[in-house]
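User: Hi! Could you walk me through this one with me? I have a few quick things to ask.

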Amino acid sequence: MSKAAIVMGSKSDLEVCRKAAEIFAQFGVSYEVRVISAHRTPQIACDFASKAEENGFDVIIAAAGKAAHLAGVIAAHTVLPVIGLPVKSSTMDGLDSLLSTVQMPAGIPVACVAINGGENAALLALQILGIKYPEISKKLTEFKREMANKVIADDKEINSLL
Ligand code: RP5
């Protein structure tokens, strides 16, 4: 069975990560949530990433704010796909987190979603898991169909709202 990890740099990142957890729960995918800091608990970050594959994880979401090095540090210690989730947690509106997460040097890729993009982090993780688990892929197809149907319904209704 698939397993995803949601790792956050601080408990203060929880509300952004909650959105990702809710998507995993909606899709029936098991996940584990951790608070691990690239700066305050660097050895734990290294150990977690190094053992993530043997511990049964398929994909890792790493959420952090400010000088957001967590996704990069985790990616440095594993070949599992790492999705960086930049968190808006400072006076710089999250641009600091975004750039710290996305500007990885060649050789250590981190996929990066939008600032506070918890939903998309989980959906991208599900798309990665869908390569290995066709039942997840099927659920994603249905999810997209429902989204499209909602927009089509809105389109039909919009003129009556003016
Ligand atoms: C980052 O610093 C964390 O990911 C968090 O977004 C930010 C602030 O952390 P706290 O000072 O609130 O623990 O490492």
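Predicted model: local features only at pLDDT ≥ 70, side-chain atom pairs only at ≥ 80, totals over all residues.

**Talking through the model**

User: Where does aspartate 58 lie?

Analyst: Aspartate 58 is in the loop that runs between α2 (42-51) and β3 (59-65).

User: And which side chain does aspartate 58 have a polar contact with?

Analyst: With that of lysine 132: the two side chains are joined by a polar contact of 2.8 Å.

User: Nice. Switching to the ligand, which residues surround it?

Analyst: The ligand is surrounded by Gly9, Ser10, Ser12, Asp13, Arg40, Ala64, Gly65 and Ser89.

User: How does that shell divide into nonpolar, polar and charged?

Analyst: The shell around the ligand has one nonpolar, five polar and two charged residues.

User: What about arginine 40, how far is its side chain from a ligand oxygen?

Analyst: An N or O atom in the arginine 40 side chain is 2.8 Å from an oxygen atom of the ligand. Serine 89 also has a polar side-chain atom 3.0 Å from a ligand oxygen. For glycine 65, a backbone N or O atom is what lies 3.0 Å from an oxygen atom of the ligand.

User: How much of the ligand does the protein bury?

Analyst: Taken alone, the ligand exposes 360 Å², and the protein buries 77% of that.

User: And which pocket is the space taken by the ligand?

Analyst: That space is the largest pocket.

User: OK, backbone now. What is phi like at lysine 66?

Analyst: Lysine 66 has a phi near 55°, which is positive, in a residue other than glycine. For context, most residues other than glycine have a negative phi.

User: Where is lysine 66 found, and is it buried or partly exposed?

Analyst: Lysine 66 is in the loop between β3 and α3 (70-76). With a relative accessible area of 47%, lysine 66 is partly exposed.

User: What about phi at asparagine 116?

Analyst: Phi of asparagine 116 is near 65°, again a positive value in a residue other than glycine. Asparagine 116 sits in the loop between β5 (111-112) and α5. Its relative accessibility is 24%, so asparagine 116 counts as partly exposed.

User: And alanine 114, where is that found?

Analyst: Alanine 114 is also in the loop between β5 and α5. Alanine 114 is partly exposed, at 49% relative accessible area.

User: How far apart are alanine 114 and leucine 98?

Analyst: They are 16 residues apart in sequence, and their C-alpha atoms are 7.5 Å apart in space.

User: Let's go to the helices. Is leucine 126 buried or exposed?

Analyst: Leucine 126 is buried, with a relative accessible area of 0%. This leucine 126 belongs to helix α5, residues 118-132.

User: Last one: which helix does valine 16 lie in, and is it buried or exposed?

Analyst: Valine 16 lies in helix α1, residues 14-26. At 9% relative accessible area, valine 16 is buried. Valine 16 and valine 35 are 19 residues apart in sequence, and 13 Å apart in space from C-alpha to C-alpha.

User: Great, thanks for the tour!

How values were computed
Residues numbered from 1 in each chain as written. Heavy atoms only, no water. Near = heavy atom within 4 Å. Polar contact = N/O pair within 3.5 Å; in protein donor to acceptor, adjacent residues only side chain to side chain. Areas by Shrake-Rupley, 256 points an atom, 1.4 Å probe, with all protein chains shown as cover. 1 Å grid on protein atoms, 1.4 Å probe; cavity = no way out; pocket = protein on both sides within 12 Å on 5 of 7 lines; lining within 4 Å. Sits in = over half its atoms within 2 Å of the grid points. Nonpolar A, V, L, I, M, F, W, Y, C, P; charged D, E, K, R; others polar. Helix = DSSP H or I, 4+ residues; strand = E, 2+ residues; numbered from the N terminus. Buried < 20%, exposed > 50% of the residue type's maximum accessible area, 1.4 Å probe, protein only.
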